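Q: Could you walk me through this structure as a tutorial, giving the general idea behind each feature and then the case at hand?

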Amino acid sequence: MRGQMLWFNETKNHGFIMTDEGERLRVAGESFAAGQRPQRRCAHKVVTFWIDVRDGGRRAENVVFESEVAPRRARTRRRGFR
């Protein structure tokens, strides 16, 4: 599934993700894939994850940040040669 990070508190070791379907899911620090734990501000960053159902609640697991693709720059137009 895909969604966006809402926030993650490093001290409390948990945060929340908003799925593309509008569902708010809890995410624990251990739920991030190796090397993917958020650093500082992570709100609105796009993530992919699995949904795990435990103890009657739904949680995000195996959370991975999608790489940000830089938008293409516009081509500069040359003026005619004389």
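This is a predicted model: local features need pLDDT of at least 70, side-chain atom pairs count only at pLDDT 80 or more; totals for chains, interfaces and linings use all residues.

Q: Which elements does the protein chain have, and what is its radius of gyration?
A: Helices (H or I, at least four residues) and strands (E, at least two) are DSSP runs, numbered from the N terminus. The protein chain has zero helices and five strands. Its radius of gyration, taken over C-alpha atoms, is 18 Å, well over the 12 Å that the globule rule (2.2 Å times the number of residues to the power 0.38) gives for 82 residues, so the chain is more spread out than a compact globule.

Q: How does strand S2 pair with strands S1 and S3?
A: Two strands pair if DSSP finds at least two bridges between them. Strand S1 (residues 2–9) pairs with S2 in the antiparallel sense over six bridges, with Phe-16 of S2 as the bridge partner of Trp-7. Five bridges join S2 to strand S3 (residues 24–28), again antiparallel, and Arg-24 in S3 is the bridge partner of Met-18.

Q: Why is strand S2 described as largely enclosed by the rest of the structure?
A: Buried means under 20% relative accessible area, exposed over 50%, and partly exposed in between (1.4 Å probe, protein chains only). Strand S2 (residues 14–19) has five of its six residues buried, so it is largely enclosed by the rest of the structure.

Q: Is Glu-61 buried or exposed, and with which side chain does its own make a polar contact?
A: Glu-61, placed in strand S5 (residues 57–65), counts as buried because its relative accessibility is 17%. A polar contact is a pair of N or O atoms within 3.5 Å; within protein, one must be able to donate a hydrogen and the other to accept it, and residues adjacent in sequence count only if both atoms are side-chain atoms. The side chain of Glu-61 makes such a contact with the side chain of Arg-54, at 3.1 Å.

Conventions
Residues are numbered from 1 along each chain as its sequence is written. Side-chain values use heavy atoms; hydrogens and water are left out.
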